[in-house]
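Please consult the sequence and the structure shown here while reading.

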2 protein chains.
Amino acid sequence: MPEVDVKQKVLAANQAAAAALRESFRDQRTLVVNLISSPGSGKTTLLEATVARMKDRYRLGGLDGDIATERDADRLRKAGIPARQILTGGACHLDARQVDAALAEEGERLRGLDVLFIENVGNLICPTGYDLGEDFKVVLLSTAEGDDKPFKYPAIFSKAKVTVLTKVDLLPYVDFDVAAVKEQVDTLNPEGRFLEVSARTGDGMDGWCGLLEDALSRKRAS
Amino acid sequence: MPEVDVKQKVLAANQAAAAALRESFRDQRTLVVNLISSPGSGKTTLLEATVARMKDRYRLGGLDGDIATERDADRLRKAGIPARQILTGGACHLDARQVDAALAEEGERLRGLDVLFIENVGNLICPTGYDLGEDFKVVLLSTAEGDDKPFKYPAIFSKAKVTVLTKVDLLPYVDFDVAAVKEQVDTLNPEGRFLEVSARTGDGMDGWCGLLEDALSRKRAS
């Protein structure tokens, strides 16, 4: 079987597993967010700051995809929510069956949450095509990564409902044109939301948490 | 054919093409460096600064892998060296046949160079397993990406002969423990070299260019 057919088969199997996950999340009224970015854009740091602001009012949980180490799930557990690491065995993205298996093994700890955060493997390319049953994808881009990235990685910036520009506290120290990035994202994804955040200073965190709360309200009302 | 067999076949075909490239580079006495990192770690910026320091004494050239845009090759051409963009058609890494085809199409412009820089697709995972006929791999990690990355992406930090810590000018503004990163790299790769560089301020550039010149001398003498 040629390489391309194998890939199609893998994606079709993933899609079936993702559809089952989506139905299960709908039954549980759990908002599911799939966070995607380069390594080091600040996914875990954004989640730590999010958990600090929301955990007293909402039941939150996390799944963390990585090639190696338990570090990200450890950080979320320290932040005060249940979290499970999924080691992908070298694969550069999570798939829906890994998510399903991890949730099954965690049982009640990750059932019936208000929000489940899925932190994908650090990678701007591979995770894009793998539906995990999420409500929407969020792509993060840090101000230290350069302002040419949306056009260089158009697939994820087209697909993600939300783009979060992270580490805006570094803007004084880097060459980074926020308007140029916003324009690229607008071109690729005219319906998308664009947020500017520093998890370190708290800048923009109200907008991000508000967006999550709105999405959760809409899901509950649907 | 199961997915894993297809992958083995693809890697074997790549290895054959890489061996042919390596022989050709040896005949031309061209030092070939395969640069790998996350998106936005500063591969192109490091190369621009390298070209500024070395182009008067050496014949340099570049190949730039990306999903989309000609931007990186444009930057190297503006810096004053011949360069060709390779668009991978969605793939998250370069392969040896793409390199071979690009060199054939460029002809004399990229033949008989002193140093050929291959800037891989921005990705810490996929490019690791694809030999491009290079003399050695260089992995870049920026100080903005967090100090947990070598253990999270052990394959590339084990394989790369050189780790370049980039953007050290940002150290005062980020939480980043250089000693912790160096220790992780030493554990994974006891024979590897570890350099600290800021292409922006020029810090560490002498060491990096010296390493390239030494490697070129050794290749010419062999």
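Predicted model: local features only at pLDDT ≥ 70, side-chain atom pairs only at ≥ 80, totals over all residues.

Together with helix α3 (residues 71-79) of chain B, they form a right-handed β-α-β unit.

β2(B) is also joined to strand β4 (residues 115-119) of chain B by five bridges, and the two run parallel. In this pairing, Asp64(B) faces Glu119(B) of β4(B).

## Burial of β2 in chain B

In a regular strand, side chains alternate between the two faces of the sheet. Both faces of β2(B) are covered: one side holds the buried residues Leu60(B), Gly62(B), Asp64(B) and Asp66(B), and the other holds Gly61(B), Leu63(B) and Gly65(B), likewise buried. Because seven of the seven residues of β2 (residues 60-66) of chain B are buried, the strand is largely enclosed by the rest of the structure.

## The sheet of chain A

Chain A contains an open sheet of seven strands with parallel pairing, in the order β3-β2-β4-β1-β5-β6-β7. Its edge strands, β3 (83-87) and β7 (193-196) of chain A, each pair on one side only. From one strand to the next, the twist averages 20°.

Within this sheet, β1 (residues 31-36) and β4 (residues 115-119) of chain A pair in the parallel sense over five bridges. Leu35(A) has Glu119(A) in β4(A) as its bridge partner. Helix α3 (residues 71-79) of chain A packs on the sheet and touches β2 (60-66), β3 and β4 of chain A; the direction of this helix makes about 175° with that of β3(A).

Key: Residues numbered from 1 in each chain as written. Chains lettered and ligands numbered in written order. Heavy atoms only, no water. Pairing = 2+ DSSP bridges. Helix = DSSP H or I, 4+ residues; strand = E, 2+ residues; numbered from the N terminus. Axes fitted to C-alpha atoms, helices over the stretch in contact; angles between N-to-C directions. Contact = heavy atoms within 4.5 Å. Buried < 20%, exposed > 50% of the residue type's maximum accessible area, 1.4 Å probe, protein only. Right-handed = clockwise from strand over helix to strand, strands pointing away.
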